[in-house]
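This report describes a ligand site and a helix pair. The sequence and structure come first.

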Amino acid sequence: MTAVKAAARGTDHDGRMSTRVLLIQGHPDPAGGHLGHALADAYATGARQAGHEVRTLAVTELDFPLLRSQKDWSEGALPPALEPAQQAIRWANHLVFFFPLWLGGMPALLKGFLEQVARPGFAFDVEKGNPLGKKLLTGRSARLVVTMGMPSLVYRYYFRAHSLKALERNILGFVGIAPVHETLIGMVEAMDDKARAKWLERMRELGRQAA
Ligand SMILES: Cc1cc2nc3c(=O)[nH]c(=O)nc-3n(C[C@H](O)[C@H](O)[C@H](O)COP(=O)(O)O)c2cc1C
């Protein structure tokens, strides 16, 4: 762990490093029950076992409209349902996003959530002489846990994981969230119980490490 990252994290009463972890469930299906939900539960279990603080947020449970204009973005009020989301992001020092790959990228609901939440004044500030603005969410790392129908190697090497790069660089990196790690889980429709159990254990382990 880097010194900057370590400094951003606290210690529990036994002096162990503990992290404030926010799990953001980006699956649009309000019914739940998908692999992404089981992965998030496993991550939370591991993280809590290791003494990390865990909060969860399900985008599908939040009632918010799509953002319609730059004016609304910079001058309008945040939809009230998203205020707890901004508070949770401010609280966390590690964010874990879970979502299925839809048409090569994150589902529109998650993108709509990020457009609303990552507003000037919260995620970044306009700064004179700095065309990129001032990043306001530094001191936070992230992991993307993405399920997909195709083999993950095809997405990573043939499609070059283009949409994840956009998320990492143009959204998370733009507001200061780094480093961002990825867990890509392919061929989910054909996954057998053994492979599923292996992925759930991998998530518990990442949770224990808050990585
Ligand atoms: C609208 C839609 C678009 C999808 N697009 C892709 C895609 O571009 N690439 C891919 O590998 N899988 C794609 N899939 C498959 C999902 O990624 C896969 O079903 C999901 O990761 C796992 O299923 P879950 O929804 O049960 O969690 C798509 C599924 C849907 C419903």
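## Ligand surroundings

The ligand is surrounded by 14 residues, and the closest are His34, Pro100, Thr147, Met148 and Gly149. A residue counts as near if its C-beta atom, placed from the backbone, lies within 6 Å of the molecule. This shell holds 8 nonpolar, 6 polar and no charged residues. Here Ala, Val, Leu, Ile, Met, Phe, Trp, Tyr, Cys and Pro count as nonpolar, Asp, Glu, Lys and Arg as charged, and the others, Gly among them, as polar.

## Basis of the model

The model is predicted: local features need pLDDT of at least 70, side-chain atom pairs count only at pLDDT 80 or more, and totals for chains, interfaces and linings use all residues. Residue numbers start from 1 along each chain as its sequence is written.

## Residue Gly46

Gly46 lies in helix 2; helices are DSSP runs (H or I, at least four residues) numbered from the N terminus. Gly46 is buried, having 23 other C-beta atoms within 10 Å; buried requires 20 or more such atoms, with C-beta atoms placed from the backbone.

The C-alpha atoms of Gly46 and Gly207 are separated by 4.5 Å, although these residues are 161 residues apart along the chain. Leaving out residues up to four places away in sequence, Gly46 touches Met203, Arg204, Glu205, Leu206, Gly207 and Arg208. Contact means C-beta atoms, placed from the backbone, within 7 Å.

How values were computed. Helix = DSSP H or I, 4+ residues; strand = E, 2+ residues; numbered from the N terminus. Buried ≥ 20, exposed ≤ 12 C-beta atoms within 10 Å, placed from the backbone. Contact = placed C-beta atoms within 7 Å.
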